[in-house]
Amino acid sequence: MIFDKLAQYDYEQLVFCQDEETGLKAIIAIHDTTLGPSLGGLRIWPYQSDEEAIIDVLRLSRGMTYKSAISDLNLGGGKAVIIGDPKEIKSEELFRTFGRFIEGLNGRYITGEDVGSTVEDMETIRKETKYATGVSPELGGCGNPSPFTAHGVYKGIKSAALKAFGTDDLTGKTIAVQGVGNVAYNLCRKLHEDGANLVVSDINKDNVQKAVTEFGATEVDVDAIYDVDCDIFAPCAMGASINDDTIARLKAKVVAGAANNQLKDARHGELLQEKGIVYAPDYVVNAGGIIAIEDALHGFEHERAMEKIDAIYDKVQQIFEYAEKENVATNIAADRLAEERIRKAKEA
Ligand SMILES: NC(=O)C1=CN([C@@H]2O[C@H](COP(=O)(O)OP(=O)(O)OC[C@H]3O[C@@H](n4cnc5c(N)ncnc54)[C@H](O)[C@@H]3O)[C@@H](O)[C@H]2O)C=CC1
Ligand SMILES: CC(C)CC(=O)C(=O)O
């Protein structure tokens, strides 16, 4: 059954890591290393079952293959999950044990931050392996990738706004932001500075309060975010938030945000298109973090990284043009362009 899952999207490797003493239960998924070593963050999450964790890490690792391919990075797709509540499970020894598992893969998988993991955690893992990124500038890293991701998402939102509204000026636009964690906090600051009206939801009330106080955001209940009368919907929490139920409720003309795997299934990109909603594919607009991390692999230069992240704006336009020309939904257009790059690399 596991092999059927791996064969479905041609995953290379799935690694289960267990350590009784520290309580470590981790899974590393390596989807594709055609373009280079697999790189993707570590998610720490209290999955309800092993099955749920496997599905998440597989979906996330495949997304990383496409993200690096479309972003012109020489990296493959991988991701890791640790099963557990990040507020309870963390310890130096747990991360060091995990680091030794990564070291055992000899560079086939490089880790970084995702939901539940921090710069400090990466630095602990780094004590056991050099294949841990997103570490502080003193250690040669780019630091927390979230502000870089936020910058790319901001550029992606503007690019999608140009397509939907004929202008990328966000002044007076109402933007509903689902989840105001590390990435969305930085994103909200930029949107607020541009004069957008923010409506936010989060299961974490402290995060909501910060956005309300600092950016004048309006709070809505977690489920009510889909019904907000807004111009732009920015999913910045967990995956699969764009599905049959929510698409029917959305009033926005644009969907663009930080979350990985926003579409429950590929067909939901087509449903958005049918509804006249401009969708900026998730892995295109949220690539700022991995672009900064990749830059740091060659000696981090902030300005150079920001320039590469700025290019997300044009990349999104390029995808819209391809989608129009080929008469396909924007998520399909992005997939095809990413797959084309991988195919060419295989043939070379
Ligand atoms: N941190 C990064 O650089 C990157 C993050 N991403 C993706 O962006 C998303 C956000 O990442 P981060 O900001 O780093 O994580 P985070 O954990 O700091 O933020 C996520 C926020 O979403 C909230 N949340 C969870 N479930 C929710 C729900 N049902 N409704 C509303 N809020 C909910 C959490 O309470 C938290 O505040 C994730 O999908 C992540 O995989 C993608 C690329 C890079
Ligand atoms: C290390 C991260 C910024 C890369 C990643 O996992 C992602 O983009 O989702």
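How do the residues of the shell around ligand 2 divide into nonpolar, polar and charged?

A: The shell around ligand 2 has three nonpolar, seven polar and three charged residues. Here Ala, Val, Leu, Ile, Met, Phe, Trp, Tyr, Cys and Pro count as nonpolar, Asp, Glu, Lys and Arg as charged, and the others, Gly among them, as polar.

A word on the model itself. It is predicted, so local features need pLDDT of at least 70 and side-chain atom pairs count only at pLDDT 80 or more, while totals for chains, interfaces and linings use all residues. Residues are numbered from 1 along each chain as its sequence is written, and chains are lettered from A and ligands numbered from 1 in the order in which they are written.

Back to ligand 2. There are 13 residues around it, and Gly-40, Gly-41, Gly-112, Pro-145 and Gly-289 come nearest. A residue is near a molecule if its C-beta atom, placed from the backbone, lies within 6 Å of that molecule. Helix α12, residues 288–296, gives the most to this shell, with three residues. Helices are DSSP runs (H or I, at least four residues) and strands are too (E, at least two), numbered from the N terminus.

Now compare ligand 1. Its shell holds 27 residues, and Thr-149, Gly-179, Gly-181, Ala-237 and Gly-289 come nearest. The elements that give two or more residues to the shell around ligand 1 are α6 (146–165) and α7 (182–193). Helix α7 gives the most, with three residues. By class, this shell has 12 nonpolar, 12 polar and three charged residues.

Next, two loop residues. Asn-106 sits in the loop between α4 (92–104) and β6 (109–110). Its phi is near 60°, a positive value in a residue other than glycine. Asn-106 has 10 C-beta neighbours inside 10 Å, so it counts as exposed. The cut-offs are these: a residue is buried if 20 or more other C-beta atoms lie within 10 Å of its own, exposed if 12 or fewer, and partly exposed in between, with C-beta atoms placed from the backbone.

Asn-327 lies in the loop between α14 and α15. Its phi is also positive, about 55°, although Asn-327 is not a glycine. With 9 C-beta neighbours inside 10 Å, Asn-327 counts as exposed.

Helix α2 is another matter. Of its 21 residues, 15 are buried, so α2 is largely enclosed by the rest of the structure.
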